[in-house]
Amino acid sequence: MRSNNLLLVYEGEFTQEVVLNVLSMAEGNISGDGDTSSLKKGVFNVITEVLQNVCKHADELNPDNKVISGLFVIGEDPPDNYIVTSGNLILNNKIGPLRSRIDEINSMDIIGLNNFYDIEITNDENVSYKGGARLGLIDLAIKSGQKLEYNFIPVNKKVSFYSLQVRVSKK
Amino acid sequence: MELLKLEATEDTPQVILDPANKKFQISGRSLPEDPTEFYDPIIKWLDDYCLNPNPKTNFDFKLEYFNTASSKQIYKIFLRLKNLMDNNHELNICWYYQDGDTSIQQAGERYMRVVGVQIKLAKY
C-alpha cells in the first residue's frame with residue numbers, strides 16, 4: 001500500500017465506534033519524519049470531520065437500512081500533500097444544495113472562510129443533531145487551505161455515490 | 001448548586017463544574033456522536049448557575065481537539081459565561097492551547113471575537 005501512497009483504507013460500516021478506531025489507526029500511520037505537531041493536528045482534525053460527516057449525512061440504498069456504509073482513504077501526494085477522501089451514497093435530491101455549498105466555499109479566500117465560519121457558528125438554525133453541515137465543510141476548507149474536490153456518480157434514480165477529497169498541505 | 005462532574009472518555013471531555021471548590025474546567029477531546037445530548041445538561045447547569053453564581057468565576061478550557069458540532073455547543077457555553085460578565089460578576093476565562101497548536105489557539109481567538117468576552121490565551 002505504501003508504494004501506492006496509501007496510508008490507510010477503510011471500507012464498511014460507519015459508526016461512532018468505527019470513527020474512533022479509524023482515528024486511532026490514523027494517529028499511528030500519520031507520522032512521517034519531519035511532520036510538525038501542528039500538521040499532525042491539522043490532518044487529524046480533517047480526518048475526524050470527514051469521518052463524522054459520513055456518519056451524519058450519508059444515505060443508504062434502502063432507506064430502512066439504518067447501517068451507514070462508506071469508504072475512507074488517507075493517501076499521500078508526495079512531497080506536498082496528504083489527501084483525505086471519503087465516499088458514501090447520497091440521495092439525489094441532496095446533490096444540488098450540497099454542490100452549491102461546496103462551490104460557494106471553494107470560491108472564498110481564507111478571510112472569507114473565517115468570516116463565514118464566524119457567521120455560521122453564531123447561527124442558531126443548525127443546532128440539531130444533524131446540524132452544522134455547513135460549518136464542517138467550512139472548517140475543512142480552512143484546515144486544507146485548498147479547494148475541496150468532489151464528485152457525484154449516479155447509482156440509480158434515488159441515490160448517487162458522493163466522494164469528497166480534502167488535501168492538507170504538509171508545508 | 002450541585003457539583004457537575006463528568007469523566008473524560010474517548011470522545012467526550014472531562015467537565016468539572018464545582019462552585020464549592022471554585023473549580024470550573026472543560027478539558028480533553030470533544031467529538032461525541034450527538035453533541036446536543038452531551039452538552040445540553042452542561043448548558044442547563046450554567047443557566048441555573050447564572051441565577052446565583054459565586055462572586056468570582058474562573059473558567060478554564062483545556063481542549064486538545066473538538067469537532068465543529070462541539071464548537072457550536074462551546075459557543076453556547078460562552079454565551080452563558082457572558083451573562084455572568086454582564087451582571088457585574090468577576091469572570092476570568094482561560095483558554096489553554098498546546099505550544100504549536102494553531103487550531104486551538106485560533107479557536108480561542110474566534111470565541112473572543114464572536115462572543116465579545118475577554119479570554120486569556122495561555123500556551124502550555
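Modeller: Let us start with the interface: the area buried between chain B and chain A is about 2400 Å², and carbon and sulfur atoms give 50% of it; buried area here is the accessible area, taken with a 1.4 Å probe, that two parts lose on being put together, summed over both. In chain B, the residues that lose the most area to chain A are T68(B), K72(B) and R110(B), together 29% of what that side buries. This is a predicted model, in which local features need pLDDT of at least 70 and side-chain atom pairs count only at pLDDT 80 or more, while totals for chains, interfaces and linings use all residues. Side-chain values use heavy atoms, with hydrogens and water left out, residues are numbered from 1 along each chain as its sequence is written, and chains are lettered from A and ligands numbered from 1 in the order in which they are written.

Biologist: How many residues does the contact take from chain B and from chain A?

Modeller: With contact meaning heavy atoms within 4.5 Å, it takes 28 residues from chain B and 29 residues from chain A.

Biologist: How should I read a pair of packed helices across that interface?

Modeller: Two packed helices are described by the angle between their axes and the distance between the axes. The axes are lines fitted to C-alpha atoms, for helices over the stretch in contact, with angles running from 0 to 180 degrees between N-to-C directions; helices (H or I, at least four residues) and strands (E, at least two) are DSSP runs, numbered from the N terminus. Helix α4 (residues 110-121) of chain A packs against α3(B) at an angle of about 60°, the axes being 11 Å apart. On the α4(A) side the contact is made by N114(A), Y117(A), D118(A) and I121(A), and on the α3(B) side by R110(B), Y111(B), R113(B) and V114(B).

Biologist: Which helix of chain B packs with α3 of that chain, and at what angle?

Modeller: Helix α2 (residues 68-86) of chain B packs with helix α3 (residues 102-115) of chain B at an angle of about 50°, and their axes are 11 Å apart. That makes α2(B) oblique to α3(B), since angles under 35 degrees count as roughly parallel, over 145 as roughly antiparallel, 65 to 115 as roughly perpendicular and the rest as oblique. From α2(B), S71(B), I74(B), Y75(B), F78(B) and K82(B) take part in the contact, and from α3(B), Y111(B), V114(B) and V115(B).

Biologist: Is D139(A) buried or exposed?

Modeller: D139(A), which lies in helix α5 (residues 133-144) of chain A, counts as buried at 8% relative accessibility; buried means under 20% relative accessible area, exposed over 50% and partly exposed in between, with a 1.4 Å probe and protein chains only. Leaving aside neighbours within four places in sequence, D139(A) is in contact with E49(A), Y117(A) and T68(B).
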